[in-house]
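Here are a few notes to go with the model, written for reading alongside the viewer. Take them in any order you like.

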Amino acid sequence: MRILKKLANRLLGRAPEPPPLWHPSRGEDYSEFWTSMSTTKEEALIATRGKVEPEDQGLITCEYMARYIVDALEIDKTKTVLEVGCGMGIFACLVGHECGRYVGVDISPNMVERSRLFTRELGDHLEFRTLKRSDLGDFADETFDAVFFEAVLMHVAREDAFNYLCEAHRVLKPRGRVYASFHNLLNPSGFRHFLRIASSADRTGRHAVGRARFHTAPELRKYAEGAGFEIDERHSRLELVENDSKRHEARSLTIVGIKSERPDWGLDQEHPI
Ligand SMILES: C[S@@+](CC[C@H](N)C(=O)[O-])C[C@H]1O[C@@H](n2cnc3c(N)ncnc32)[C@H](O)[C@@H]1O
């Protein structure tokens, strides 16, 4: 069907239709992929929030999670906060007014522009930047009291998620706090989501670079501790949740970490790959 449509477009001199959302040809790298996913407001809403809904409804939907982030990261007006993967600015709006300074960054310039537009009347303690690559090289060591990644590290390769946690560790002040959410492979609803993605794979080995990934609690613990965080057991959700609740928080795994000493993993003692 897509081939016929392509042919008809070419014969009629019409612009080709973009590939479906989440298709591998949306982009070779994170920046290209997410920029292609946010050229229209509707697509950007589906890419970030999973559905097209008016922004004020999006604010209501995310309010609970924003409150959770504010509490877990102990955010107040004295704190400087970094959000990585700020998307359309929903959390900039909900969390931004709770802190002294908020910086939102994203790999896609389209997303950053949408965040700026969405929060334009909220004051100049909110600042946005586009990242050139998946690191926080724009920021000096020990700049922030808190760093959060909402629905972001679940969309990058494991190595990049780990490197981002290490970067968060670097830019956090001593005892600063990090929050990151992930899909839970072992939860029935998380597994159904995984099955849908697995069944749409084109089996050539090409995958959408920004597709959702699925994790388990023990491996997230390992990444967070490996990056130098002490797990805040009270606020983290790292249980092997196996109930079939439809509630978002039952389907997700959440790390809340406190910056501590990074362990020495003795890398020098082993052979290079
Ligand atoms: C599913 S959306 C979530 C957006 C927002 N956090 C929210 O919950 O509304 C994922 C966001 O992460 C951004 N992103 C994806 N990969 C990234 C990367 N490697 N570095 C920084 N941002 C990234 C995307 O551009 C997108 O805005």
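1. Let's start with Glu 63: is this residue buried or exposed? Glu 63 counts as exposed because it has 12 C-beta neighbours inside 10 Å, and the cut-off for exposed is 12 or fewer. Please keep in mind that this is a predicted model, so the count comes from predicted coordinates.

2. Glu 63 sits in helix 4, which covers residues 55-72. Val 95 lies 32 residues away from Glu 63 along the chain, and the C-alpha atoms of the two are separated by 9.1 Å.

3. How far apart are the end C-alpha atoms of helix 4? They are 25 Å apart, which agrees with the 26 Å that its 18 residues should span at 1.5 Å a residue. Helix 4 also has a kink of about 45°, centred on Cys 62.

4. Which residues of helix 4 are buried? They are Gly 58, Met 65, Ala 66, Ile 69, Val 70 and Ala 72. As a reminder, an α-helix has 3.6 residues a turn, so residues three or four places apart point the same way. The cover over the buried residues of helix 4 includes helix 3 and helix 5, together with strand 4 (144-149), strand 5 (172-184) and strand 8 (252-259).

5. Ile 69 turns up again in the largest nonpolar core, which has 64 residues. Ile 69, Val 95, Val 147 and Leu 153 are the ones that touch the most other members. Helix 5 gives this core its largest share, 6 residues. Leaving aside residues up to four places away in sequence, Leu 153 touches Ala 161, Tyr 164, Ala 180 and Phe 182.

6. Now for the ligand: which residues come nearest to it? Of the 21 residues around the ligand, these are Trp 34, Gly 85, Gly 87, Ile 107 and Ser 134. By class, the shell holds 11 nonpolar, 7 polar and 3 charged residues. Helix 2 (30-36), helix 3 (41-49) and helix 5 (90-96) each supply at least two residues of this shell.

7. Finally, the whole chain. The protein chain has 10 helices and 8 strands, and buried residues make up 39% of its 273 residues. Among contacts with a separation of 6 or more, 69% are between residues 24 or more positions apart.

How values were computed
Residues numbered from 1 in each chain as written. Predicted model: local features only at pLDDT ≥ 70, side-chain atom pairs only at ≥ 80, totals over all residues. Near = placed C-beta within 6 Å. Helix = DSSP H or I, 4+ residues; strand = E, 2+ residues; numbered from the N terminus. Nonpolar A, V, L, I, M, F, W, Y, C, P; charged D, E, K, R; others polar. Buried ≥ 20, exposed ≤ 12 C-beta atoms within 10 Å, placed from the backbone. Expected span 1.5 Å × (residues − 1). Bend = angle between axes of the 7 residues up to and from the residue. Contact = placed C-beta atoms within 7 Å. Core = buried A, V, L, I, M, F, W, Y, C linked by C-beta atoms within 7 Å.
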